[in-house]
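Subject: Structure handover and findings

Dear colleague,

Please look through the coordinates first and then read the notes against them.

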Amino acid sequence: SDVYHDVSSASSANPTPPDAAGVGDQGNGTRPIQIAYAISLIRCSDFQSSTSGLLDAATVLRHSVHTQSVRNPASRSKYDYKLYAIVHTNAADCSNILSDLGYHVLMKDSPIQISEIRGDYLRKHVHKEWCCGADEFVKLYAYTIEGHPIVVHTDIDFMYVKPMDTLYDAMLKPPSSEEGKSAKQMIEMEYPDKVQPLDIQAYLTRDYHQVIPGRKAAFQAGFIVLKPNEDIFNEYLDIIREGNYVEGFSRENGWGGKGYGGVVGSMAMQGLPAYFYDEVRPNTTIELNGCRYNHMGANIFYQDVPNFIKRYRDLHGLCRRNVPGCEDCRKTSLDLVYNIHFTNCRKPWNCAGKSSTSKGDIDPRTADYDHCMDVARMWHSMRTDLEQQIQALTGDDEVLEGKKGKYKADVFLGHCSDDGQRGYLPISASKDAMSKMNSVWDKGV
């Protein structure tokens with residue numbers, strides 16, 4: 001097959017990524033500062049996404065990074081990028097195409113083997129944790145990426161819709177400079193009155209839609225902006241090896257017996273970073289507004305599942321952040337959103353066009369259907385922009401084959417023939433066309 005989705009015949013070699021400023025070159029006025037954008041691929045597919053869906057996700061994500069960078073003058077960003085894919089050895093078979101898309105592949109095994117964990121409960125149960133057990137700790141390799149002052153790590157089901165220059169400026173400009181002060185004032189924080197650290201080590205968001213009010217919220221593992229640091233990587237590994245994780249759902253459960261447990265992902269990359277930045281390295285991060293960054297369109301009010309306890313009547317309807325006046329992320333204007341994480345609103349490549357509590361549909365208990373349709377349309381619009389550029393560049397009409405779907409065409413823009421994963425029409429482009437597209441993506445470096 002000559003279609004770029006054909007994993008078996010993809011190039012096995014990494015292309016030479018376009019060179020740009022390393023840490024030592026930054027700020028000298030000759031080249032733009034280069035941010036590392038990383039994803040982790042732990043499995044080639046699961047019940048949530050087919051292989052072709054995941055590959056299209058990586059392709060559209062790659063295009064979205066480009067559109068919000070200095071290489072696209074319309075973005076007005078001053079930052080360049082380099083793409084990385086941290087690929088678990090379990091997913092080696094589908095990693096080659098990521099290389100062909102311009103991702104620099106870092107093939108890694110889990111940084112911790114389960115047998116190394118000394119704590120009995122964690123050692124015996126972490127393999128059951130969502131999504132990928134101890135394999136999810138490969139995300140920690142983001143801290144070890146060299147040659148960049150900042151690494152942005154996300155899940156593959158992610159898309160950038162506005163530049164994040166303000167966050168980068170606040171991290172990199174001297175705190176006492178006018179640029180540094182101005183950038184810090186512009187950061188959209190979850191808790192605007194909280195004192196910011198002088199030296200920002202990371203930005204993160206929390207998974208409030210899971211939390212029981214009054215309990216500690218887990219980290220949302222699909223997005224983090226960080227300064228790479230090998231010492232932090234090793235500190236994480238030491239904590240995992242120690243395995244001090246308390247079972248159960250009390251206020252003293254989870255990591256360090258501090259309450260960082262009892263929710264989906266708490267034994268892995270939902271609970272661990274929250275514990276790390278709250279207890280081990282406090283006052284080094286900024287929690288961003290989760291409706292604007294890492295937007296999921298999730299219900300963070302205590303109204304229904306998950307973790308809804310009917311007898312807690314005095315909590316019903318309150319914000320799970322335990323503060324008055326919560327922003328309702330299900331209603332946030334998409335003009336205010338910087339990036340989107342396709343979780344509650346489902347994966348756009350799964351053509352989820354129904355509202356129900358059935359598996360795979362938009363769940364009305366946790367999401368707003370109309371908002372989710374708007375979110376899905378944004379992804380399909382980004383894919384359409386890519387397809388139009390491919391056609392204009394190559395003159396090849398083959399790319400139009402992936403746009404013949406009639407199912408909810410006002411939302412899915414021709415990319416779906418029916419509801420559900422089987423109705424998705426993958427990007428239909430030849431390997432030659434995608435290779436030429438790389439020249440467009442690399443333009444301006």
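What follows goes from the whole chain to a few local features.

Please keep in mind throughout that this is a predicted model. The protein chain holds 10 helices and 11 strands. Its radius of gyration is 21 Å, close to the 22 Å that the globule rule gives for 445 residues, so the chain is as compact as a globular protein of that length. Taken along the principal axes, the C-alpha atoms fill a box of roughly 60 × 55 × 45 Å, and 55% of the 445 residues count as buried. Among the contacts with a separation of 6 or more, 70% are between residues 24 or more positions apart.

As for the surface, the chain exposes about 18,500 Å², of which carbon and sulfur atoms supply 48%.

With ring centres required to lie within 6.5 Å, the count comes to 17 aromatic pairs. One of them is formed by Tyr236 and Phe276, which are stacked at 4.1 Å centre to centre with 20° between the planes. Tyr236 lies in helix H6 (residues 230–242) and Phe276 in helix H7 (residues 271–280), so this pair ties together parts that are 40 residues apart in sequence. Both Tyr236 and Phe276 are buried.

An edge-to-face pair is made by Tyr245 and Trp255, with 5.5 Å centre to centre and 85° between the planes. Tyr245 belongs to strand S8 (residues 245–246) and Trp255 to strand S9 (residues 254–255), the two residues being 10 residues apart. Tyr245 is buried with a relative accessible area of 9%, and Trp255 counts as buried at 0% relative accessibility. Elsewhere, Tyr37, Phe158, Tyr160 and Phe223 form one aromatic cluster.

Helix H6 also contains Phe233, which counts as buried because its relative accessibility of 6% is under the 20% cut-off. Leaving aside residues up to four places away in sequence, Phe233 touches Pro111, Leu140, Tyr141, Tyr143 and Thr144. The C-alpha atoms of Phe233 and Phe249, which are 16 residues apart along the chain, are separated by 28 Å.

How many of the 8 residues of helix H4 (residues 165–172) are buried? The number is 6, so helix H4 is largely enclosed by the rest of the structure. The buried residues of H4 are Asp165, Leu167, Tyr168, Asp169, Ala170 and Met171. Their cover includes strand S1 (34–41), strand S4 (151–154), helix H5 (178–186), strand S6 (202–206) and strand S7 (219–226).

Finally, some points on the backbone. A cis peptide bond, with omega about 0°, joins Val305 and Pro306, and Pro306 is placed in the loop between strand S10 (285–287) and strand S11 (339–341). Asn307, found in the loop between S10 and S11, has a positive phi near 55° although this residue is not glycine, and it counts as partly exposed at 29% relative accessibility. Cys351, another residue other than glycine with a positive phi, has a value near 50°. Cys351 lies in the loop between S11 and helix H8 (369–394) and is buried, with a relative accessible area of 0%.

With best regards

Note on methods:
Residues are numbered from 1 along each chain as its sequence is written. This is a predicted model: local features need pLDDT of at least 70, side-chain atom pairs count only at pLDDT 80 or more; totals for chains, interfaces and linings use all residues. Side-chain values use heavy atoms; hydrogens and water are left out. Helices (H or I, at least four residues) and strands (E, at least two) are DSSP runs, numbered from the N terminus. The radius of gyration is taken over C-alpha atoms; the globule rule is 2.2 Å times the number of residues to the power 0.38. Buried means under 20% relative accessible area, exposed over 50%, partly exposed in between (1.4 Å probe, protein chains only). Contact means heavy atoms within 4.5 Å. Accessible areas come from the Shrake-Rupley method with a 1.4 Å probe; for residues, only the protein chains shown count as cover. Rings of Phe, Tyr and Trp (its six-membered ring) pair if their centres lie within 6.5 Å; planes under 30 degrees apart count as stacked, over 60 as edge-to-face and the rest as tilted.
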